[in-house]
Amino acid sequence: MSKVSTEEIRSFVLQELDEPLRALGHEPGELPDEFDLHESGVIDSFGILELITALEDRFSLEIDYENLDPEELTKVGPFARYVSQQTAGPA
Amino acid sequence: MTGARDFRALTDVPSPERFVSDLQPWIHEAGNPYLDWLFGAPDSARAALAAWMVSDGSEISLGRVVGLFEGGNPIGGYVGLSGSDLAKCVRKDAITALKVAGRDGRPAFLERARELSDLRRPVEPDEWFLSKLGVLVPYRRGGRGRALLEDFLGRGAQAGFSRFRLDVWARDEHTVRLYESAGFLTFDETFSEEMGMRLLAMRLG
């Protein structure tokens with residue numbers, strides 16, 4: 001698993017969700033770090049599965065989400081940082 | 001089969017992990033046919049249940065189970081949680097399910113998950129939700145279901161909830177009548193074409 005930056009993860013997520021974000025009136029490039037994709041109605045629980053699958057396929061990742069706070073799972077910034085840190089391997 | 005009956009929150013029981021195999025059969029049955037259909041086979045569903053039960057962030061984590069014990073053995077129980085907790089659990093459980101499905105099983109799992117994604121009606125954050133309720137087959141009858149439901153309502157009220165939610169398959173007429181007798185009313189229903197069954201969304205308060 002090679003290192004993927006937070007920015008790459010974030011960009012991928014926003015690109016994947018460009019359509020539903022805009023449909024709800026959100027400008028993908030201007031979302032705050034704590035923007036919650038689930039609470040805002042951008043994705044449902046199935047959407048989370050789709051997003052994670054797409055992300056892992058795109059970057060050839062296998063991420064363990066066990067240590068990620070469920071509330072942060074759908075927040076753009078914390079999610080991107082967590083995934084990126086996981087790709088960095090043990091410190 | 002009877003014995004001294006008591007309700008115990010698994011959080012109050014030392015080493016609750018030892019009860020996973022005792023609790024899993026009724027939790028599995030209470031979640032079916034949804035679980036077997038979603039995971040494609042009973043064995044896969046059991047693997048997911050086992051993973052969820054030992055995960056603190058799961059909808060059916062052991063810490064949320066109230067067990068009905070008779071003669072010291074857990075013969076049934078229920079899982080209750082708030083709507084706000086449920087929203088968090090759904091996210092975490094989705095990830096665990098994906099892991100259980102495995103890389104090879106993901107496409108089929110995602111397809112089935114997509115088909116079931118609109119089945120459950122939302123639970124409001126301030127509602128106390130009955131996720132699962134069940135009793136092992138040899139112990140059915142004798143008012144245990146009603147006793148479990150009353151304990152669920154009592155603990156919810158004690159925790160400050162005045163609104164209660166649950167989902168039940170319409171074909172489980174006996175269970176539907178039990179819930180109706182406690183005051184639950186059906187406010188919506190969905191239909192699963194895959195399973196050919198109606199799911200009733202019920203509310204009290």
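Start by selecting Arg165(B), in strand β5 of chain B. This is a predicted model, so read each stop as a computed picture. Is Arg165(B) buried or exposed? Arg165(B) is buried, because its relative accessible area is 0%, and the cut-off for buried is under 20%. Now show its side chain. Another goes to the backbone oxygen of Pro122(B), at 3.3 Å.

**Next: the strands beside it**

Select Phe129(B). Its bridge partner in β5(B) is Arg165(B). That bridge belongs to the pairing of β4(B) with β5(B), which is parallel and has four bridges. Now colour the whole of β4(B), residues 127–135 of chain B. How many of the nine residues of β4(B) are buried? The count is nine of nine, so β4(B) is largely enclosed by the rest of the structure.

Move on to β3(B), residues 73–82. β3(B) and β4(B) run antiparallel and are joined by seven bridges. To see one pair, select Ser82(B) and its partner in β4(B), Trp128(B).

**Zoom out to the sheet**

Strands of a sheet pair through backbone hydrogen bonds, in a parallel or an antiparallel way. Select the seven strands of this open sheet in chain B. Trace them in the order β1-β2-β3-β4-β5-β7-β6. The pairing is mixed. Which strands are at the edges? They are β1 (5–9) and β6 (185–192) of chain B, and each pairs on one side only. On average, neighbouring strands are turned by 25° against each other, direction ignored.

β1(B) pairs with β2(B), residues 65–70, in the antiparallel sense, over five bridges. Pick Arg8(B), and opposite it in β2(B) you will find Gly67(B).

**Helices across the sheet**

Select α5 of chain B, residues 144–158. This helix lies across β1, β2, β3, β4, β5 and β7 of chain B. It runs at about 155° to β4(B). Then select α6 of chain B, residues 173–181. Helix α6(B) lies across β4, β5 and β7 of chain B. Its angle to β5(B) is about 165°.

**The nonpolar cores**

The largest nonpolar core has 89 residues. Those with the most contacts inside it are Leu37(A), Tyr65(A), Phe79(A), Tyr179(B) and Phe184(B). Which helix gives the most to this core? It is α4 of chain B, residues 83–116, with eight residues. A second, separate core has five residues, among them Leu81(B), Leu86(B), Cys89(B) and Phe129(B).

Now centre on Phe79(A). Leaving aside neighbours within four places in sequence, its contacts include Ile9(A), Val13(A), Ile52(A), Leu55(A) and Tyr65(A). Leu68(A), Glu72(A) and Leu73(A) are in contact with Phe79(A) too.

Follow Ile9(A) and Val13(A) into helix α1 of chain A, residues 6–16. What covers the buried residues of α1(A)? The cover includes α2 (18–23), α3 and α4 of chain A.

**Where the chains meet**

Display chain A and chain B in two colours. At their interface, 22 residues of chain A are in contact with 17 residues of chain B. The two chains bury about 1,800 Å² between them, with 60% of it on carbon and sulfur atoms. On the chain A side, select Phe46(A), Leu49(A) and Pro70(A). These lose the most area to chain B, together 33% of what that side buries.

Most residues other than glycine have a negative phi, and most peptide bonds are trans.

- Ser60(A) has a positive phi of about 50°. Find it in the loop between α3 (45–59) and α4 (76–87) of chain A. Ser60(A) is exposed, at 59% relative accessibility.
- Ser15(B) also has a positive phi, near 45°. It sits in the loop between β1 and α1 of chain B. Ser15(B) is partly exposed, with a relative accessible area of 44%.
- Asn32(B) and Pro33(B) are joined by a cis peptide bond, with omega about 5°. Pro33(B) is in the loop between α1 (20–30) and α2 (34–39) of chain B.

How values were computed: Residues are numbered from 1 along each chain as its sequence is written. Chains are lettered from A and ligands numbered from 1 in the order in which they are written. This is a predicted model: local features need pLDDT of at least 70, side-chain atom pairs count only at pLDDT 80 or more; totals for chains, interfaces and linings use all residues. Side-chain values use heavy atoms; hydrogens and water are left out. A nonpolar core is a set of buried Ala, Val, Leu, Ile, Met, Phe, Trp, Tyr and Cys residues joined through side-chain atoms within 4.5 Å. Buried means under 20% relative accessible area, exposed over 50%, partly exposed in between (1.4 Å probe, protein chains only). Helices (H or I, at least four residues) and strands (E, at least two) are DSSP runs, numbered from the N terminus. Contact means heavy atoms within 4.5 Å. Two strands pair if DSSP finds at least two bridges between them. Axes are lines fitted to C-alpha atoms, for helices over the stretch in contact, and angles run from 0 to 180 degrees between N-to-C directions. A polar contact is a pair of N or O atoms within 3.5 Å; within protein, one must be able to donate a hydrogen and the other to accept it, and residues adjacent in sequence count only if both atoms are side-chain atoms. Buried area is the accessible area (1.4 Å probe) that two parts lose on being put together, summed over both.
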